Amino acid sequence: SAEEVFIVVDCNPVFPGCGDFATTEKKKACADQKLNKFIHNNIKYPVKAGVEGTVIANFTIEKDGSVQDIQLIKKLNLCQACNKEVIRVLKLMPRWTPASARCRPVKVKYQVK
């Protein structure tokens, strides 16, 4: 049987380096900032692209904090190299502190743009 993937959890997953904040809001703000910095520092925009736009990706953060099942739900149609680069960078992400529900780690869907 397939394991349940949560959408709503008691505690959201936390990007590495943000676990010390006491409040959920501060943890989320830190996680968003560190995730954006990670993507910015690792993405290599294809030189020949000449297009702009937003790519939106969904992925699952597993119970061990690893990132799996990356799917692009909004792509750049004129730049397949850009789409591939987004997937490459998301695969580089370090393990997160996993989400939890009912006091135990759970799989959760996450979205980034």
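**View 1. Asn-83 and the residues around it.** Asn-83 touches Val-55, Leu-72, Lys-75 and Leu-76, leaving aside residues up to four places away in sequence; a contact here means heavy atoms within 4.5 Å. This is a predicted model, in which local features need pLDDT of at least 70, side-chain atom pairs count only at pLDDT 80 or more, and totals for chains, interfaces and linings use all residues. Residues are numbered from 1 along each chain as its sequence is written, and side-chain values use heavy atoms, with hydrogens and water left out. You will find Asn-83 in helix 2. Helices (H or I, at least four residues) and strands (E, at least two) are DSSP runs, numbered from the N terminus. Is Asn-83 buried or exposed? Asn-83 is buried, as its relative accessible area is 3%. Buried means under 20% relative accessible area, exposed means over 50%, and partly exposed lies in between (1.4 Å probe, protein chains only).

**View 2. The whole chain, for orientation.** Stepping back, the chain holds two helices and five strands. Read from the N terminus, their order is β-α-β-β-α-β-β. The C-alpha atoms fill a box of roughly 50 × 35 × 20 Å along the principal axes. Of the 113 residues in the chain, 40% count as buried. Among the contacts with a separation of 6 or more, 67% are between residues 24 or more positions apart. The chain exposes about 7500 Å², with carbon and sulfur atoms supplying 53% of that area; accessible areas come from the Shrake-Rupley method with a 1.4 Å probe, and for residues only the protein chains shown count as cover.

**View 3. The largest pocket.** About 360 Å³ of space lies in the largest pocket. Of the 21 residues that line the largest pocket, Ile-39, Ile-43, Gly-53, Val-55 and Val-86 are the closest to its centre. Helix 1 (24–42) and helix 2 (80–92) are the elements that give two or more residues to the lining. Which element gives the largest share of the lining? Helix 2 does, with five residues. For the terms: on a 1 Å grid over the protein atoms alone, a pocket is an open set of points where a 1.4 Å probe fits, with protein on both sides within 12 Å along at least five of seven lines, and lining residues have an atom within 4 Å of a point. Grid points are joined across faces, edges and corners, and the volume is the space filled by probe spheres set on the points.

View 4. Pro-94 is found in the loop between helix 2 and strand 4 (99–101). With 32% relative accessibility, Pro-94 counts as partly exposed. Beyond residues up to four places away in sequence, Pro-94 touches Phe-15, Pro-16, Phe-38 and Gly-65. How far apart are Pro-94 and Asn-83 in space? Their C-alpha atoms are 20 Å apart, and the two are eleven residues apart in sequence.

**View 5. Strand 3, from Val-67 to Lys-74.** Val-67 lies in strand 3, and at 15% relative accessibility this valine counts as buried. Not counting residues up to four places away in sequence, Val-67 touches Phe-59, Thr-60, Leu-90, Met-93 and Trp-96. Lys-74 also lies in strand 3, where this lysine is partly exposed with a relative accessible area of 39%. The C-alpha atoms of Lys-74 and Val-55 are separated by 5.2 Å, although the two residues are 19 apart along the chain.

**View 6. Two residues with positive phi.** Most residues other than glycine have a negative phi. Asp-69, in strand 3 (residues 67–74), has a positive phi near 55 degrees. Asp-69 is partly exposed, with a relative accessible area of 41%. For Cys-103, phi is positive too, near 65 degrees. Cys-103 sits in the loop between strand 4 and strand 5 (104–112), and counts as exposed at 81% relative accessibility.

**View 7. Ser-100 in strand 4.** Ser-100 lies in strand 4 and counts as buried at 17% relative accessibility. Apart from residues up to four places away in sequence, Ser-100 touches Val-9, Asp-10, Cys-11, Pro-105 and Val-106.
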